Amino acid sequence: MKYVKATSVLPEKLIVEIQKYVQGETIYIPKPEKAHHKWGTRSGSRELIDDRNASIKYAFKDGHTIQQLAEEHFLSAETIKKIVYSK
């Protein structure tokens with residue numbers, strides 16, 4: 001996390017108001033809820049995993065065993081079960 005000096009981004013009146021509550025300490029100001037992104041959406045990882053899981057489900061329906069899929073995708077059998085039996 002990168003720190004930013006309050007004096008470089010906040011108006012002086014706001015700094016004076018904040019100093020009534022906190023002085024010389026580090027505070028965290030979270031993003032608004034609507035600015036949050038779900039995991040992997042920005043990097044594309046989520047889409048890759050969703051595609052992989054769809055491929056695993058298709059292969060399972062096509063007759064591949066849990067063990068075959070686990071070895072092919074380097075995942076545990078339990079993880080494959082979670083993928084193929086999820087909605």
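Mentor: Before we look at single residues, keep in mind that a helix here is a DSSP run of H or I at least four residues long, and that helices are numbered from the N terminus. The model itself is predicted.

Trainee: Why is Phe74 called exposed?

Mentor: The relative accessibility of Phe74 is 76%, and the word exposed is used for values over 50%, so Phe74 counts as exposed.

Trainee: What makes the backbone of Phe74 worth a remark?

Mentor: Phe74, which comes just after helix 4, has a phi of about 55 degrees, and this is a positive value in a residue other than glycine. Most residues other than glycine have a negative phi.

Trainee: How do you know that the buried residues of helix 4 line one face?

Mentor: The buried residues in helix 4 are Ile66, Leu69 and Ala70. When you look down the axis of helix 4, they fall within an arc of 100 degrees, so they line one face of the helix. Their packing partners are helix 3 and helix 5.

Trainee: Which residues make up the largest nonpolar core?

Mentor: That core has eight residues, namely Ile56, Ala59, Ile66, Leu69, Ala70, Ile80, Ile83 and Val84, and the elements giving two or more residues to it are helix 3 (45-61), helix 4 (66-73) and helix 5 (77-85). If residues up to four places away in sequence are not counted, Ile66 touches Phe60, Ala77, Ile80, Lys81 and Val84.

Trainee: Why is Asn53 called buried?

Mentor: Asn53, found in helix 3, has a relative accessible area of 17%, and buried means under 20%, so Asn53 is buried. Its side chain makes a polar contact of 2.8 Å with the side chain of Arg52.

Trainee: What makes Phe60 and Tyr85 an edge-to-face pair?

Mentor: The structure holds one aromatic pair. The ring centres of Phe60 and Tyr85 are 5.7 Å apart and their planes stand at 85 degrees; rings pair if their centres lie within 6.5 Å, and planes over 60 degrees apart count as edge-to-face, so this pair is edge-to-face. Phe60 in helix 3 and Tyr85 in helix 5 are 25 residues apart, and the pair therefore links distant parts of the chain.

Note on methods:
Residues numbered from 1 in each chain as written. Predicted model: local features only at pLDDT ≥ 70, side-chain atom pairs only at ≥ 80, totals over all residues. Heavy atoms only, no water. Core = buried A, V, L, I, M, F, W, Y, C linked by side-chain atoms within 4.5 Å. Buried < 20%, exposed > 50% of the residue type's maximum accessible area, 1.4 Å probe, protein only. Contact = heavy atoms within 4.5 Å. Polar contact = N/O pair within 3.5 Å; in protein donor to acceptor, adjacent residues only side chain to side chain. Arc of directions from axis to C-beta. Phe/Tyr/Trp six-rings, centres within 6.5 Å; stacked < 30°, edge-to-face > 60°.
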